[in-house]
Amino acid sequence: MSLSILFALLFAVSPVVVSQHASVPSSTVASTSQTSSGASSFTTSVELSVEDLWDLYVGPVSTFSINTTVEPTPIPSSSLVPPPALYYPPFPKGQQVPLQPKNESWKFPKGFWYGVAGAAYQIEGAVKAEGRGPSIWDVLTHRVVNYVSTNDTGDIADNNYYQYKEDIARIAALGLKTYSFSLSWSRILPFGSGSINEQALLHYDDVIDTCLQYGIIPQVTLFHWDLPLFLQNTYNGWLSDKIISDFTDYARIVFNRWHSKVHYWFTVNEPIVFCGFYPLPANYFKNTTIPPKQQPYVCGHNVLLSHASAYHLAKSINSSLSVSFKTNGGFKIPRTDSQADAEAVQRAWDFNEGWFANPTFINGDYPTHLKDYVSGFLPAFTDKQKAQINGTCDIFAHDAYTSDFIMAPDAGIDACIANTTNPLYPGCYNTTKVYANGYWTIGAAGDPGTPWLNQATDWVPSFLHYMQDTWKPRGGIAITEFGISEPYEELRTNLASILIDPIRSNYYKSYLEAILIAIGEGVNVVGTLAWSIYDNLEWSQGYSVKFGIQYVNLTTQERYFKASAFEYANMFNVYLEK
Ligand code: GAL
């Protein structure tokens, strides 16, 4: 049934109002005595319960048989034996794998934090449990045809909502020290604002307490893409400046509740990516008249103001907290030494990292090339806003998976800038994974489902230097997500072959060696988080693309360490300064 029919039905009957409800605001209330020139000027106000939101916009969801919080099952000691390349079994004799030499000049400094990351919608499941309201991702997965190539949803995901104790115990058993997860905003505030769902707070209380019980540092992200649906449908979510006060109110709830237990906070995850979700698919959400190519930048503007507001609020609650956003990107390598490619590289920095990092780390304002574009439709930041935004990241938290060669568009940069229909507009730079000789790629490819991702660890030291020199983060740089999709892993049917993941193992080893090189050269890298704690819902790729250092059998919800988990953890055994 289409949403317009549902709405027509809804207006014809009195809405059922149950415990948690919200009134859909409207500027005009339709009335038979009024005349109007267009259908878009007919609006109404209607009361919806959380249950109504689910029924109208999402429909039925799946549940799993384990649907109460479970105590961790003991981790079999056999599953904690590293794979042979890292370990010499006493029997049988004769294994020829040479010992890995240690580079005695490398070290991760004391206090370096290392662990794994996950995100609410990708791992929690239990989407309707205990009062959670729907997010836009429940609609995208359930309703929008082909948005997820595999038609998967996050309904059950890794059932982390009930199995988190086991998940945290397993991180600790590997010897990792940090767990980074995100809160589901619509669990805590089912409508995004207003009534607070106490059950959600109790749940996250226990997730945090369980981390502390196992000696794991919890790191919390407030927003990892799962925007409460109600905020999207009342005022277009991040496209409206109304989000600033709603995000700040949400932040106030969580900072007040957990500031004494959680030191590291991330306000939002990868705004370059989630602002790029706009325009959302037509006909499933509230309409907007903002031109499609402008929408990501309107979103970004409101993200910066929301982040800055939450940052200052956090500091007013507890000045010792570390608060930043997580951004994402890779090193931008000029494909040739031409002037045009050098210009394209600068445009690529400005339209990616610089978009959020220049305002927060440099001067409260957008980088030059981006500003040239957005000044055509965004209000300039006032001096007061610039002062409010500048300095609001305590660390440079970067999700840095890969790198790209950058080049000028075939038509040339100027021609692209002059042509708003050029697919590369407004960035007007091009990217490739292939060296200028047209033969080799930058490094081993990930799964075909992630064409953006090749190993590019050779470029990591240069990238870290660039970040430190350009944005000078006072608290250093953290690689808050990195990892690779093992090619064709989803096709493997036998457990033993799934668990050996050589491309991912090599990626983590090479990447951490590259970080050790950069640290030795004076770059202040303070922590790393592997993406991901285990295989999970890879957004529009569903469960077909695997990023986990643990395999999850989605039928039984059993977890298994892959070889890469040991490779990753072993690097800290070897190189962490004691
Ligand atoms: C990041 C994102 C994660 C995860 C990862 C792998 O951009 O924050 O949620 O999906 O990419 O693609």
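How far is an oxygen atom of the ligand from an N or O atom in the side chain of Asn-269? The distance is 2.9 Å, which falls under the term polar contact, a pair of N or O atoms within 3.5 Å; within protein, one must be able to donate a hydrogen and the other to accept it, and residues adjacent in sequence count only if both atoms are side-chain atoms.

Before I continue, a word on the basis of these values. This is a predicted model, in which local features need pLDDT of at least 70 and side-chain atom pairs count only at pLDDT 80 or more, while totals for chains, interfaces and linings use all residues. Residues are numbered from 1 along each chain as its sequence is written, and side-chain values use heavy atoms, with hydrogens and water left out.

To return to the ligand, an oxygen atom of the ligand also lies 3.0 Å from a side-chain N or O atom of Glu-481. For Trp-539, a polar side-chain atom is 3.0 Å from a ligand oxygen. Taken alone, the ligand exposes 300 Å², of which the protein buries 94%; these areas come from the Shrake-Rupley method with a 1.4 Å probe. The residues surrounding the ligand include Gln-122, His-224, Trp-225, Glu-270 and Tyr-401, where a residue is counted if one of its heavy atoms lies within 4 Å. This shell divides into six nonpolar, three polar and three charged residues. In that scheme Ala, Val, Leu, Ile, Met, Phe, Trp, Tyr, Cys and Pro are nonpolar, Asp, Glu, Lys and Arg are charged, and the others, Gly among them, are polar.

I turn now to the cysteines. With a disulfide taken as a pair of cysteine sulfur atoms within 2.5 Å, the count comes to two.

In one of them, Cys-275 and Cys-299 have their sulfur atoms 2.0 Å apart. The torsion about their S-S bond is about -70°, so this disulfide is left-handed. Cys-275 lies in helix H10 (residues 271-275) and Cys-299 in helix H11 (residues 295-317), so the pair ties together parts 24 residues apart in sequence. Helices here are DSSP runs of H or I, at least four residues, numbered from the N terminus.

A disulfide also joins Cys-416 to Cys-428, S to S 2.0 Å. With -80° about the S-S bond, this link is left-handed. Along the chain, the bonded cysteines follow the pattern 1-2, 3-4.

Finally, Cys-393: its sulfur is 14 Å from the closest cysteine sulfur, in Cys-275, and therefore too far for a bond.

Note on methods. Helix = DSSP H or I, 4+ residues; strand = E, 2+ residues; numbered from the N terminus.
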